[in-house]
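Here are a few exercises to work through with the model open beside you. Try each task before you read its solution.

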Amino acid sequence: MHIPDGFLGPQTYGPAYGVAGVLWAVGLRRLRRTLDPAAVPRLAVATAASFALMLVTVPLPGGTTVHVTGIGMIAVLFGVWHGFLALSLVYLLQALMFGDGGVTALPVMALTAGLGGTAAAVAVHRACGRWPRPAVFLAGWCGTVVPAVLVAFVLGAQPLLAHDAEGTPLFFPFGWAVTVPAVVLPHLLVGVADGVLAVLAWRALAPGEDAP
Amino acid sequence: MKDRLLLLVYLVLVVTATLVHDARLLLAGALTVTATEFGRRPQSWVRALRAALPFLVAINLGFLIVSKGDLSAAGRVLPLVNARLFFLVVLVFRILPAIDLQRALGFSPTLRFVLILATSQVLAFRRLFGDFEQALAARTTRRPGLRTSLRQGAALGAFFLRRAEHDATEITQALTARGFFLDRD
C-alpha cells in the first residue's frame, strides 16, 4: 500500500500536506504538552515497532505472501495521536531512507493509514471493549482495511482531479472501478491476517488479562 | 548545510516532476541524471530499474487490460506516466543516498531527536528480524505453512512491541539520568 511519487497530482498532495501539516503540528504540541519525559522515546520506539511489524509477512492462499501493517496493534497500544505521528515517521523514513513510497504520497499515507487506520482501530476496539478478543481482532482488521479503502478512493480520484484539456489522465490513470477492487479486496484478506496476528500478539503480551 | 540543500533540491525536483506534463522533458531529465551518476556506478542502474519495474509493469499491463488493448489511448497516457515514474525513481537513487537525514532534518531538535532514536531502533529491529527469520529457517525442514507463519508472525509482533516498550523505558531513564529533559520544557 505504498504509493510511489508520480501517482498523485499536486491537486491531491498540496491540500493533503496542508491538512497533515496542521495535524502534525497539533500532534507534536500535544506530545510536548503532556510534559511526560517518556513521550518522545515512546514515539520513537512506536515508530520502530510499526516499521518492524511491516516486515512480518504472512502467506496467502495461492502461494503469495503479504506483509501485515500492524496499524491496529499500534493504535490499540499507543493511541490515535501517537499512532498517527509514529506511522507518519515510518512513511517518512521509508521514503527518504529506503526509497519505498514517495514524499508526495507521505501526507496521504499519514492521513489514510496514520490517522484513518488508527482512529478506526481505536474506535472499534473501544466500541467492542466488552468482548476483548473480537475487539482486538476487529481493530487489527479495520486498521488495515480502512486505510485501503481511503487509498483506493484517493488513487481512483486522480483521473478526475488531474487531467489535460482532452480529459487524458496526467497521473495515476485508473478510476474507482479499478482501484477499489484492486486495492481493497486483497486487503480484506490482509486484514484477517492482521487481526489474527493482533489477537495472538495480544495474548502473548498480556496473558490472563482483558486488554493489552 | 550540504544535506539540507540536497534534500531541498530533491524535494524541488520531485515537485517539478509533478508539474511537468511533457514525457520527452521528463525522459531527458532522467537521462541527464543517469549520465551523471550511473556512468560511474552501473550497478545503480540495475537497482533503479528493479525498483521501477513492478510499478511500470503493473501500470502498463493494467492499462492495456482496462482499455482492452486500445493502443491510441495507451499512447496518450502511458509515455507520460512511465517517464515521470522513471525520472522520480532515478532521482531517488541519485540523490537520497547522499543525504544524511539526521543532519538534513536538524532544523527541528525534537524531530531530529525522534529520528535518531527511531532510526537506531529501526536498524536494530531489522537485524533482529533477520535473526528471527534465520532461526525459523534453521529449525524447519520444510517451508513453513500458514499456521506456523502466523505463530511466528505473532511471536515477532509481540516481541517487537514488548521490546519497544522496554527500550522506551530504558532510553527515557538513560536520558533522564543525563539531564536531557531538564532544559526541554
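**Exercise 1. Describe the second largest pocket: what is its volume, and which residues lie closest to its centre?**

Step 1. In this predicted model, the second largest pocket has a volume of about 540 Å³. A pocket here is an open set of points on a 1 Å grid over the protein atoms alone, where a 1.4 Å probe fits, with protein on both sides within 12 Å along at least five of seven lines; lining residues have an atom within 4 Å of a point. The volume is the space filled by probe spheres set on the points, which are joined across faces, edges and corners.

Step 2. The lining of this pocket has 21 residues, and the closest to the centre are W24(A), L92(A), L106(A), L105(B) and L111(B).

Step 3. Now sort the lining by type: 18 residues are nonpolar, two polar and one charged. Asp, Glu, Lys and Arg count as charged, Ala, Val, Leu, Ile, Met, Phe, Trp, Tyr, Cys and Pro as nonpolar, and the others, Gly among them, as polar.

**Exercise 2. Find which helices supply the lining of this pocket, and why it lies between two domains of chain B.**

Step 1. At least two lining residues each come from α1 (10-33) and α4 (80-97) of chain A, and from α1 (2-19) and α6 (109-139) of chain B. Helices are DSSP runs of H or I with at least four residues, numbered from the N terminus.

Step 2. The most is given by α4(A), with five residues.

Step 3. The pocket lies between domain 1 (2-101) and domain 2 (105-177) of chain B because both give residues to its lining. These bounds come from an automatic or database domain assignment.

**Exercise 3. Characterise the aromatic pair of F174(A) and F63(B).**

Step 1. Over all chains, the structure holds 10 aromatic pairs (ring centres within 6.5 Å, using the six-membered ring of Trp; planes under 30 degrees apart are stacked, over 60 edge-to-face, the rest tilted).

Step 2. F174(A) and F63(B) form a tilted pair, 6.2 Å centre to centre with 45° between the planes.

Step 3. This pair crosses between chains: F174(A) is in the loop between α7 (158-161) and α8 (176-205) of chain A, and F63(B) is in helix α3 (residues 42-66) of chain B.

Step 4. F174(A) counts as buried at 7% relative accessibility, and F63(B) is buried at 9%. Buried means under 20% relative accessible area, exposed over 50%, and partly exposed in between (1.4 Å probe, protein chains only).

**Notes.** Residues are numbered from 1 along each chain as its sequence is written, and chains are lettered from A in the order in which they are written. Local features need pLDDT of at least 70, side-chain atom pairs count only at pLDDT 80 or more, totals for chains, interfaces and linings use all residues, and side-chain values use heavy atoms, without hydrogens and water.
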